[in-house]
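Subject: Structure handover

Hello,

Here is the structure I said I would pass on. Please look through it alongside the notes below.

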Amino acid sequence: MKLANLADRPVVVREDRALDIADASKGAIEPRLEVLADLSLQDELRTLAERAAEADWREFDPRELGRVAKPYKAIGVALNYRAHAEESNLPVPDEPSVFAKFASSVVGPYDAIVVEPQYDKVDYEAELVVVMGRTGKNISQADAWSYVAGVTAGQDISDRKEQWRKPINQFTLPKSYDTFSPIGPYLVTLDEFEDPDDIEVAGWVDDLEVQRGRTSDLIFSVPELIAWLSKRVTFEPGDLIFTGTPAGCGVRRTPRLYLTEGKVLRTEVTGVGTMVNPVIAG
(Lines give C-alpha, C1' and ligand atoms only; values in the text may rest on other atoms or scores of the structure.)
Protein backbone atom coordinates (compact mmCIF):
# COMPACT_ATOMS: atom_id res chain seq x y z
CA MET A 1 0.00 0.00 0.00
CA LYS A 2 1.21 3.46 -0.90
CA LEU A 3 0.26 6.34 1.41
CA ALA A 4 0.80 10.06 1.02
CA ASN A 5 0.15 13.51 2.40
CA LEU A 6 -1.81 15.32 -0.32
CA ALA A 7 -2.41 18.99 0.43
CA ASP A 8 -2.23 18.20 4.17
CA ARG A 9 -4.73 15.34 3.99
CA PRO A 10 -3.77 11.64 4.35
CA VAL A 11 -4.52 9.59 1.24
CA VAL A 12 -4.06 6.12 -0.19
CA VAL A 13 -2.46 6.24 -3.64
CA ARG A 14 -3.12 3.89 -6.56
CA GLU A 15 -1.11 4.67 -9.68
CA ASP A 16 -1.95 8.31 -10.49
CA ARG A 17 -5.04 8.56 -8.28
CA ALA A 18 -5.61 9.23 -4.61
CA LEU A 19 -8.30 8.21 -2.13
CA ASP A 20 -8.95 10.70 0.66
CA ILE A 21 -8.90 8.62 3.85
CA ALA A 22 -11.13 10.86 5.96
CA ASP A 23 -13.76 11.08 3.23
CA ALA A 24 -13.65 7.34 2.50
CA SER A 25 -14.10 6.55 6.19
CA LYS A 26 -16.97 9.05 6.42
CA GLY A 27 -15.04 10.96 9.06
CA ALA A 28 -14.26 7.96 11.28
CA ILE A 29 -10.55 8.57 10.60
CA GLU A 30 -9.55 12.18 11.12
CA PRO A 31 -7.56 13.98 8.39
CA ARG A 32 -4.37 14.14 10.47
CA LEU A 33 -0.86 13.48 9.18
CA GLU A 34 -0.29 11.04 12.05
CA VAL A 35 -2.70 8.60 10.36
CA LEU A 36 -0.04 7.67 7.80
CA ALA A 37 2.37 6.25 10.40
CA ASP A 38 -0.23 4.45 12.51
CA LEU A 39 0.28 0.71 11.97
CA SER A 40 -2.95 -0.09 13.79
CA LEU A 41 -4.93 1.56 10.97
CA GLN A 42 -3.34 -0.21 8.02
CA ASP A 43 -5.82 -3.07 7.75
CA GLU A 44 -8.68 -0.58 7.85
CA LEU A 45 -7.01 1.54 5.17
CA ARG A 46 -6.63 -1.48 2.90
CA THR A 47 -10.32 -2.27 3.37
CA LEU A 48 -11.29 1.32 2.54
CA ALA A 49 -9.21 1.16 -0.62
CA GLU A 50 -10.71 -2.16 -1.68
CA ARG A 51 -14.29 -0.96 -1.16
CA ALA A 52 -13.94 2.53 -2.60
CA ALA A 53 -15.83 3.34 -5.79
CA GLU A 54 -13.86 4.37 -8.86
CA ALA A 55 -15.30 7.88 -8.56
CA ASP A 56 -13.69 8.21 -5.12
CA TRP A 57 -10.20 7.85 -6.61
CA ARG A 58 -9.18 11.24 -7.94
CA GLU A 59 -6.30 12.46 -10.05
CA PHE A 60 -3.83 14.67 -8.21
CA ASP A 61 -0.88 16.93 -8.80
CA PRO A 62 2.26 15.31 -7.29
CA ARG A 63 3.55 18.80 -6.49
CA GLU A 64 0.90 18.96 -3.76
CA LEU A 65 2.51 16.05 -1.89
CA GLY A 66 3.99 16.93 1.47
CA ARG A 67 6.07 15.19 4.12
CA VAL A 68 4.75 11.73 4.96
CA ALA A 69 5.46 11.80 8.70
CA LYS A 70 5.42 14.17 11.65
CA PRO A 71 8.23 12.78 13.80
CA TYR A 72 8.76 13.33 17.48
CA LYS A 73 12.37 12.42 16.77
CA ALA A 74 14.48 11.69 13.71
CA ILE A 75 17.67 9.68 14.06
CA GLY A 76 20.46 9.61 11.49
CA VAL A 77 23.05 6.88 11.10
CA ALA A 78 26.58 7.83 10.09
CA LEU A 79 28.87 5.70 7.93
CA ASN A 80 26.44 2.81 7.39
CA TYR A 81 27.30 1.71 3.84
CA ARG A 82 30.44 -0.30 3.27
CA ALA A 83 31.23 1.60 0.05
CA HIS A 84 30.84 4.92 1.88
CA ALA A 85 33.24 3.76 4.61
CA GLU A 86 35.74 2.77 1.92
CA GLU A 87 35.55 6.14 0.11
CA SER A 88 35.94 7.92 3.46
CA ASN A 89 39.05 5.85 4.29
CA LEU A 90 37.48 4.90 7.59
CA PRO A 91 37.24 1.47 9.22
CA VAL A 92 33.91 -0.35 9.27
CA PRO A 93 32.40 0.49 12.67
CA ASP A 94 31.63 -2.19 15.27
CA GLU A 95 28.48 -0.37 16.46
CA PRO A 96 26.24 2.26 14.89
CA SER A 97 27.19 5.92 15.17
CA VAL A 98 24.07 8.05 15.34
CA PHE A 99 22.99 11.67 15.55
CA ALA A 100 19.72 13.55 15.85
CA LYS A 101 18.00 15.52 13.11
CA PHE A 102 15.64 18.17 14.47
CA ALA A 103 12.02 17.49 13.56
CA SER A 104 11.77 21.10 12.38
CA SER A 105 14.11 20.27 9.48
CA VAL A 106 11.67 17.77 7.91
CA VAL A 107 9.98 18.99 4.73
CA GLY A 108 8.25 17.46 1.72
CA PRO A 109 9.45 15.77 -1.48
CA TYR A 110 9.14 18.84 -3.71
CA ASP A 111 9.98 21.56 -1.21
CA ALA A 112 12.98 23.79 -1.75
CA ILE A 113 16.22 23.23 0.16
CA VAL A 114 17.36 26.61 1.49
CA VAL A 115 21.12 27.12 1.28
CA GLU A 116 22.04 30.63 2.31
CA PRO A 117 25.11 32.11 0.55
CA GLN A 118 27.33 31.94 3.64
CA TYR A 119 26.99 28.14 3.67
CA ASP A 120 29.36 27.13 0.87
CA LYS A 121 29.93 23.46 1.75
CA VAL A 122 26.40 22.02 1.90
CA ASP A 123 26.34 18.35 0.91
CA TYR A 124 23.70 15.81 -0.09
CA GLU A 125 23.11 12.25 1.22
CA ALA A 126 20.43 10.11 -0.45
CA GLU A 127 18.89 7.67 2.02
CA LEU A 128 16.22 5.10 2.71
CA VAL A 129 14.18 6.42 5.61
CA VAL A 130 12.29 4.10 7.96
CA VAL A 131 9.03 5.37 9.48
CA MET A 132 8.14 3.72 12.78
CA GLY A 133 4.53 2.66 13.21
CA ARG A 134 4.03 1.78 16.87
CA THR A 135 5.56 2.36 20.27
CA GLY A 136 8.45 0.05 21.11
CA LYS A 137 11.32 -0.42 23.53
CA ASN A 138 13.90 -3.23 23.62
CA ILE A 139 12.70 -4.53 20.25
CA SER A 140 14.34 -7.73 19.03
CA GLN A 141 15.85 -7.98 15.54
CA ALA A 142 13.36 -10.71 14.74
CA ASP A 143 10.43 -8.41 15.54
CA ALA A 144 11.91 -5.16 14.26
CA TRP A 145 10.14 -4.92 10.89
CA SER A 146 6.78 -5.45 12.62
CA TYR A 147 7.21 -2.03 14.26
CA VAL A 148 7.70 -0.24 10.94
CA ALA A 149 4.81 1.57 9.23
CA GLY A 150 6.74 1.75 5.98
CA VAL A 151 9.70 3.30 4.22
CA THR A 152 10.25 6.44 2.21
CA ALA A 153 13.02 8.37 0.49
CA GLY A 154 15.02 11.04 2.26
CA GLN A 155 17.98 13.39 2.10
CA ASP A 156 20.33 14.06 4.99
CA ILE A 157 21.52 17.50 3.89
CA SER A 158 24.70 18.51 5.72
CA ASP A 159 26.68 21.72 6.23
CA ARG A 160 30.17 20.20 6.17
CA LYS A 161 31.91 23.41 7.27
CA GLU A 162 29.87 23.54 10.47
CA GLN A 163 30.06 19.76 10.91
CA TRP A 164 33.85 19.84 11.04
CA ARG A 165 34.35 23.22 12.70
CA LYS A 166 37.05 22.96 15.35
CA PRO A 167 37.66 22.22 18.12
CA ILE A 168 34.88 19.58 18.26
CA ASN A 169 33.15 17.95 15.31
CA GLN A 170 29.36 18.03 15.54
CA PHE A 171 26.63 16.38 13.50
CA THR A 172 23.17 17.27 14.81
CA LEU A 173 23.01 21.02 14.14
CA PRO A 174 24.62 21.08 10.66
CA LYS A 175 22.23 18.35 9.54
CA SER A 176 19.17 20.03 11.05
CA TYR A 177 18.90 23.47 9.46
CA ASP A 178 15.41 24.29 8.26
CA THR A 179 14.59 22.27 5.07
CA PHE A 180 17.62 19.95 5.51
CA SER A 181 15.55 16.74 5.85
CA PRO A 182 13.18 16.32 2.87
CA ILE A 183 11.24 13.04 2.83
CA GLY A 184 8.70 11.43 0.50
CA PRO A 185 7.02 11.31 -1.91
CA TYR A 186 5.19 8.25 -0.51
CA LEU A 187 5.17 6.08 2.57
CA VAL A 188 5.18 2.53 1.24
CA THR A 189 4.23 -0.46 3.38
CA LEU A 190 6.62 -3.39 3.59
CA ASP A 191 4.40 -5.87 1.75
CA GLU A 192 5.12 -3.91 -1.45
CA PHE A 193 8.78 -5.01 -1.41
CA GLU A 194 10.09 -8.40 -2.44
CA ASP A 195 12.93 -7.95 0.08
CA PRO A 196 12.83 -4.90 2.38
CA ASP A 197 16.48 -5.53 3.24
CA ASP A 198 17.55 -4.97 -0.38
CA ILE A 199 16.19 -1.68 -1.75
CA GLU A 200 17.98 0.55 -4.25
CA VAL A 201 18.75 4.19 -3.42
CA ALA A 202 20.01 6.73 -5.97
CA GLY A 203 20.61 10.46 -6.21
CA TRP A 204 21.31 13.11 -8.83
CA VAL A 205 22.50 16.71 -8.73
CA ASP A 206 20.99 18.29 -11.82
CA ASP A 207 21.55 15.63 -14.53
CA LEU A 208 24.60 14.06 -12.88
CA GLU A 209 24.05 10.76 -11.10
CA VAL A 210 26.06 11.06 -7.90
CA GLN A 211 24.93 8.11 -5.77
CA ARG A 212 23.57 4.62 -6.25
CA GLY A 213 23.53 1.77 -3.76
CA ARG A 214 21.40 -0.96 -2.24
CA THR A 215 20.45 -1.38 1.38
CA SER A 216 21.91 -4.90 1.26
CA ASP A 217 25.24 -3.00 1.51
CA LEU A 218 24.29 -1.53 4.88
CA ILE A 219 26.77 -2.30 7.62
CA PHE A 220 23.92 -2.38 10.14
CA SER A 221 20.63 -3.56 8.65
CA VAL A 222 17.32 -1.92 9.52
CA PRO A 223 16.43 -4.67 12.05
CA GLU A 224 19.86 -4.32 13.64
CA LEU A 225 19.47 -0.55 13.89
CA ILE A 226 16.00 -0.78 15.43
CA ALA A 227 17.13 -3.37 17.98
CA TRP A 228 20.27 -1.42 18.91
CA LEU A 229 18.53 1.94 19.13
CA SER A 230 15.50 0.66 21.03
CA LYS A 231 17.71 -0.49 23.88
CA ARG A 232 18.38 3.19 24.47
CA VAL A 233 15.31 5.10 23.26
CA THR A 234 11.60 4.37 23.01
CA PHE A 235 10.26 4.56 19.47
CA GLU A 236 6.91 6.17 18.79
CA PRO A 237 4.73 6.23 15.67
CA GLY A 238 6.10 8.67 13.11
CA ASP A 239 9.69 8.55 14.34
CA LEU A 240 12.23 8.44 11.51
CA ILE A 241 15.47 6.56 10.99
CA PHE A 242 17.71 7.93 8.24
CA THR A 243 19.57 4.69 7.60
CA GLY A 244 22.77 6.01 5.99
CA THR A 245 23.99 7.01 2.55
CA PRO A 246 25.80 5.19 -0.28
CA ALA A 247 29.14 6.31 -1.69
CA GLY A 248 29.29 9.48 -3.78
CA CYS A 249 28.73 12.36 -1.37
CA GLY A 250 29.91 15.72 -2.66
CA VAL A 251 32.70 16.04 -0.11
CA ARG A 252 34.22 12.75 -1.37
CA ARG A 253 34.17 13.67 -5.07
CA THR A 254 36.98 15.20 -7.14
CA PRO A 255 36.34 18.04 -7.62
CA ARG A 256 34.05 18.43 -4.64
CA LEU A 257 30.39 19.05 -5.40
CA TYR A 258 28.22 21.10 -3.08
CA LEU A 259 24.63 22.32 -3.26
CA THR A 260 24.26 25.92 -4.38
CA GLU A 261 21.40 28.11 -5.54
CA GLY A 262 19.90 26.93 -8.82
CA LYS A 263 20.84 23.27 -8.53
CA VAL A 264 18.18 20.56 -8.35
CA LEU A 265 18.57 17.54 -6.10
CA ARG A 266 16.74 14.38 -7.19
CA THR A 267 16.44 11.33 -4.94
CA GLU A 268 14.96 7.98 -5.90
CA VAL A 269 14.18 4.92 -3.82
CA THR A 270 13.00 2.01 -5.93
CA GLY A 271 9.45 1.08 -4.99
CA VAL A 272 8.88 4.43 -3.29
CA GLY A 273 9.34 7.11 -5.93
CA THR A 274 11.38 10.22 -6.62
CA MET A 275 11.83 13.47 -4.72
CA VAL A 276 12.76 16.63 -6.63
CA ASN A 277 14.08 19.42 -4.40
CA PRO A 278 15.31 22.68 -5.93
CA VAL A 279 18.05 24.54 -4.10
CA ILE A 280 17.36 28.20 -3.35
CA ALA A 281 19.21 30.92 -1.48
CA GLY A 282 16.33 31.78 0.82
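Predicted model: local features only at pLDDT ≥ 70, side-chain atom pairs only at ≥ 80, totals over all residues.

Residues are numbered from 1 along each chain as its sequence is written, and side-chain values use heavy atoms, with hydrogens and water left out.

Domains

The protein is divided into domain 1 (2–64) and domain 2 (74–281); these bounds come from an automatic or database domain assignment. The centres of domain 1 and domain 2, taken over C-alpha atoms, are separated by 26 Å. In contact across the two are 13 residues of domain 1 and 19 residues of domain 2, where contact means heavy atoms within 4.5 Å.

An unreviewed UniProt entry places the feature "domain: Fumarylacetoacetase-like C-terminal" at residues 74–279. UniProt positions are in the numbering used here, feature names are shortened, and annotations may be inferred rather than shown by experiment. Residues 74–279 are 9% helix and 34% strand, with the end C-alpha atoms 22 Å apart. Helices (H or I, at least four residues) and strands (E, at least two) are DSSP runs, numbered from the N terminus.

Strands β1 (residues 2–6) and β2 (residues 9–14) run antiparallel and are joined by five bridges; two strands pair if DSSP finds at least two bridges between them. Leucine 6 stands opposite arginine 9 in β2. The two strands form a hairpin with two residues between them, and alanine 7 in the turn has a positive phi of about 50 degrees.

β2 also pairs with strand β3 (residues 17–20), in the antiparallel sense and over four bridges. Here valine 11 has aspartate 20 in β3 as its bridge partner. The hairpin of β2 and β3 has two residues between the strands, and glutamate 15 takes a positive phi near 55 degrees.

Helix α5

Among the buried residues are Leu225, Ile226, Trp228 and Leu229. What covers the buried residues of α5 includes β5 (74–78), β6, β10 (126–132), β11 (148–155) and β16 (240–242).

Aromatic side chains

A search of the whole structure finds three aromatic pairs. Rings of Phe, Tyr and Trp (its six-membered ring) pair if their centres lie within 6.5 Å; planes under 30 degrees apart count as stacked, over 60 as edge-to-face and the rest as tilted.

Phenylalanine 99 and phenylalanine 171 are stacked, at 5.8 Å centre to centre and 25 degrees between the planes. This pair links distant parts of the chain, 72 residues apart: phenylalanine 99 is in strand β6 (residues 97–101), and phenylalanine 171 is in the loop between α4 (160–163) and β13 (181–188). Phenylalanine 99 is buried at 8% relative accessible area, whereas phenylalanine 171 is partly exposed at 33%.

The pair of tyrosine 119 and tyrosine 177 is tilted, because the ring planes are at 40 degrees, with the centres 5.1 Å apart. Tyr119, Tyr177 and Phe180 form one aromatic cluster.

Lysine 101 lies over the face of phenylalanine 242, 5.3 Å from the ring centre, and arginine 134 lies over the face of tyrosine 147 at 3.7 Å. A charge sits over a ring if NZ of Lys or CZ of Arg is within 6 Å of the ring centre and within 35 degrees of the ring normal.

Regards

Technical notes: Buried < 20%, exposed > 50% of the residue type's maximum accessible area, 1.4 Å probe, protein only.
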